[in-house]
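Please read the numbered points alongside the coordinates.

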Amino acid sequence: MAEGMKTVLITGSGRGIGEETARLFWEKGYRVVLNALHPERIEKAAAEMNRVRPGSALSFPCDVRDSSAVGAMFDAAEAAFGTIDVLINNAAVAWIGLFTDMTDEEWDRIFDTSVKGAFYCSRRAAKAMIHRHEGGVILNLSSMWGQVGASCETAYSAAKGALISFTKALAKELGPSGIRVNCAAPGVIMTDMNRELDEETLAGLKEETPLERLGTPRDIANLLYFLASDEASFITGQVIGANGGLVIT
């Protein structure tokens with residue numbers, strides 16, 4: 001199948017890295033399935049894409065913590081486009097505060113969105129990819145904090161660390177079927193999540209970064225596009241940091 005006819009499904013694509021990644025893959029000729037918990041932004045983005053290239057985008061709002069909702073999303077995507085060639089597990093939420101102040105519900109929300117959501121989506125995507133015998137790509141969004149941990153972001157760090165282990169194990173399991181599984185670990189990226197940080201904190205992070213700048217959503221989108229491409233056909237089970245050198249492991 002020509003690359004221009006491939007389909008990518010991106011969870012959490014209503015803003016930030018997910019939104020920019022959907023835009024880049026669409027610009028490169030992919031059909032795009034956009035997902036978010038709330039419909040407004042993904043419906044608008046899909047409508048804009050379809051005005052330019054009819055039949056190139058589908059929006060499906062759902063909570064990836066809900067296995068049945070994930071199943072319905074894949075059913076709709078497959079009905080519209082036939083196959084999902086690339087899955088990008090990007091949906092995530094954060095919580096900043098003292099570990100001892102965290103509630104059970106806050107912990108579960110972070111883990112269920114990042115880890116359980118990735119499990120539900122990957123399980124469904126992998127079954128179809130294995131059945132087609134045409135390979136496929138699964139990409140998970142971790143974080144540099146999943147590699148080294150962050151004070152006052154214990155649950156987020158733990159969930160992103162779990163995604164790293166999930167990536168490595170799944171790559172070994174799915175490799176014989178020609179399915180590649182990799183993980184991107186972004187650093188400080190200027191998304192809505194990090195814009196909540198004060199100017200002094202952002203300035204300090206920029207100063208600590210060897211490349212002396214903070215990242216952009218397009219920086220991560222470019223990495224994900226490369227990992228999904230044929231140019232990365234011998235890369236699987238890897239965690240690729242994109243953090244300007246702030247964390248070097």
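This is a predicted model: local features need pLDDT of at least 70, side-chain atom pairs count only at pLDDT 80 or more; totals for chains, interfaces and linings use all residues.

1. G215 is located in the loop that joins helix 8 (199-208) to helix 9; helices (H or I, at least four residues) and strands (E, at least two) are DSSP runs, numbered from the N terminus. The residue is buried, its relative accessible area being 11%, where buried means under 20% relative accessible area, exposed over 50%, and partly exposed in between (1.4 Å probe, protein chains only). Apart from neighbours within four places in sequence, G215 contacts V188, I189 and M190, contact meaning heavy atoms within 4.5 Å.

2. Residues are numbered from 1 along each chain as its sequence is written, and side-chain values use heavy atoms, with hydrogens and water left out.

3. The largest nonpolar core has 30 residues, and V8, F25, L34, I88 and L224 touch the most other members. A nonpolar core is here a set of buried Ala, Val, Leu, Ile, Met, Phe, Trp, Tyr and Cys residues joined through side-chain atoms within 4.5 Å. At least two residues of this core come from each of strand 1 (7-10), helix 1 (16-27), strand 2 (31-36), helix 2 (40-52), strand 4 (86-89), strand 5 (136-141) and helix 9 (217-228). Helix 9 gives the largest share, seven residues. There is also a second, separate core of 25 residues, with I84, C121, I138 and V181 among its members.

4. F25 belongs to helix 1 and is buried, with a relative accessible area of 0%. Its contacts, leaving aside neighbours within four places in sequence, are V8, Y30, V32, I88, L224, Y225 and A228. By contrast, 18 Å separates the C-alpha atoms of F25 and P186, which lie 161 residues apart along the chain.

5. Axes are lines fitted to C-alpha atoms, for helices over the stretch in contact, and angles run from 0 to 180 degrees between N-to-C directions. Angles under 35 degrees count as roughly parallel, over 145 as roughly antiparallel, 65 to 115 as roughly perpendicular, and the rest as oblique. E19, A22, R23 and W26 of helix 1 make the contact with R41, E48, M49 and V52 of helix 2.

6. For helix 3 (residues 67-81) and helix 4 (residues 104-132), the axes come within 9 Å and cross at roughly 40°. Helix 3 is therefore oblique to helix 4. On the helix 3 side, S67, V70, G71, M73, F74, D75 and E78 meet Y120, C121, R123, R124, A125 and A128 of helix 4.

7. How many disulfides does a search of the whole structure find? The search returns zero, a disulfide being a pair of cysteine sulfur atoms within 2.5 Å. C62 is in no disulfide, and the nearest cysteine sulfur, that of C121, is 7.0 Å away. C62 is buried, with a relative accessible area of 8%, and C121 is buried, with a value of 0%.
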